[in-house]
Amino acid sequence: AADMGALVADAAELERVLARALTEVLIPRRAFIRIVLVEAIRNPSTAAPVFAALDTVLEDSLTRFTRAGLVSDIATTKSLLFYFGLLPALFRVAVEEDPTGLPGGPAALAGSLARIEQALVCARSDPL
């Protein structure tokens with residue numbers, strides 16, 4: 001079992017990284033994200049390259065948690081992080097007209113994403 005104190009300490013760094021990704025990468029590309037989400041619904045194959053890139057982003061987190069011994073089922077954890085963390089965050093960024101309209105701003109969304117990632121990784125650390 002991994003030291004939960006180390007995971008909590010890593011969550012703060014994870015939150016900083018996610019806040020930076022939101023403010024520097026996602027929010028400035030809000031219109032593009034909107035198009036990708038609409039196209040993913042209408043014709044999933046057209047959005048496949050974008051979702052492949054997002055898969056690479058998830059690999060970074062999974063690598064960190066695997067090294068810490070926290071992930072036993074990489075495929076399931078990746079799926080959970082994508083569908084319950086990343087996809088809702090993309091939707092949230094896409095529908096907001098003003099980045100400051102996010103409750104508490106991008107930092108609050110980043111904190112929520114960090115907690116979701118932490119909870120999913122902890123939930124997946126024990127075999128079912």
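**Close-up views of a predicted model**

**View 1. The largest pocket.** The largest pocket holds about 460 Å³ of space. This model is predicted.

**View 2. Residues around the pocket centre.** In total, 21 residues line the largest pocket. Nearest its centre lie Leu-18, Ala-21, Val-57, Leu-58 and Leu-86. By class, the lining has 16 nonpolar residues. Two polar and three charged residues complete it.

**View 3. The largest nonpolar core.** This core has 26 residues. Those with the most contacts inside it are Leu-22, Leu-26, Ile-33, Phe-65, Leu-86, Leu-90 and Val-93. Helices H1, H2 (30-42), H3, H4 and H5 each supply at least two core residues. H4 gives the largest share, seven residues. In soluble globular proteins, nonpolar side chains tend to be buried together.

**View 4. Helix H4 along its length.** H4 has 22 residues. From first C-alpha to last, H4 reaches 30 Å, close to the expected 32 Å. The helix bends by about 40° at Phe-82.

**View 5. The buried residues of H4.** Phe-82, where H4 bends, is itself buried. An α-helix has 3.6 residues a turn, so residues three or four places apart point the same way. Leu-86 links the views: this residue is among those nearest the pocket centre, and among those with the most contacts inside the core.

Methods. Residues numbered from 1 in each chain as written. Predicted model: local features only at pLDDT ≥ 70, side-chain atom pairs only at ≥ 80, totals over all residues. Heavy atoms only, no water. 1 Å grid on protein atoms, 1.4 Å probe; cavity = no way out; pocket = protein on both sides within 12 Å on 5 of 7 lines; lining within 4 Å. Points joined across faces, edges and corners; volume = space filled by probe spheres on them. Nonpolar A, V, L, I, M, F, W, Y, C, P; charged D, E, K, R; others polar. Core = buried A, V, L, I, M, F, W, Y, C linked by side-chain atoms within 4.5 Å. Buried < 20%, exposed > 50% of the residue type's maximum accessible area, 1.4 Å probe, protein only. Helix = DSSP H or I, 4+ residues; strand = E, 2+ residues; numbered from the N terminus. Expected span 1.5 Å × (residues − 1). Bend = angle between axes of the 7 residues up to and from the residue.
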